[in-house]
Amino acid sequence: MKLLCHAFDATLKEFDIKGLHLAKDSEISTGAISNFRNDTNAITSYSLVELFAALTDEAFAFWLSLFAHNRNL
């Protein structure tokens, strides 16, 4: 889970995405987003899909590329 969380945090920072805006766009609570971002709580697969959908294509691709890179794929 750490890889996904760290890639998610880096993506939000890279694209200056605020948790409050992402929460509104994804309909996921700010607390759930914060906990996932800080790797303090797991996130459901439904919530993960909603977060993916709320990102721009560029931000989504960046997140996935970080995840894949850190897995040495």
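This is a predicted model: local features need pLDDT of at least 70, side-chain atom pairs count only at pLDDT 80 or more; totals for chains, interfaces and linings use all residues.

User: What makes up the pattern of the protein along its sequence?

Analyst: The order is α-α-α-α-α, with five helices and zero strands. Helices are DSSP runs of H or I with at least four residues, strands are runs of E with at least two, and both are numbered from the N terminus.

User: Why is the protein called as compact as a globular protein of its length?

Analyst: The radius of gyration, taken over C-alpha atoms, is compared with the globule rule, 2.2 Å times the number of residues to the power 0.38. The protein has a value of 11 Å, close to the 11 Å that the rule gives for 73 residues, so it is as compact as a globular protein of that length. Its C-alpha atoms fill a box of roughly 30 × 25 × 20 Å along the principal axes.

User: Which residues have the most contacts inside the largest nonpolar core?

Analyst: They are Phe8, Leu22, Ile33, Phe36, Leu51 and Trp63, in a core of 17 residues. Each of α1, α2, α3, α4 (45–54) and α5 (57–70) supplies at least two residues of this core, and α1 gives the largest share, five residues. A nonpolar core is a set of buried Ala, Val, Leu, Ile, Met, Phe, Trp, Tyr and Cys residues joined through side-chain atoms within 4.5 Å. Buried means under 20% relative accessible area, exposed over 50%, and partly exposed in between, with a 1.4 Å probe and protein chains only.

User: Why is Asp16 called exposed?

Analyst: Asp16 has a relative accessible area of 55%, and is therefore exposed. Asp16 lies in the loop between α1 (2–14) and α2 (19–26), and its phi is near 50°, a positive value in a residue other than glycine.

User: How do you know whether Glu27 is buried or exposed?

Analyst: Glu27 has 73% relative accessibility, so it counts as exposed. Glu27 lies in the loop between α2 and α3 (30–37), and its phi, near 60°, is likewise positive in a residue other than glycine.

User: What share of the 73 residues is buried?

Analyst: Buried residues make up 29% of them.

Methods
Residues are numbered from 1 along each chain as its sequence is written. Side-chain values use heavy atoms; hydrogens and water are left out.
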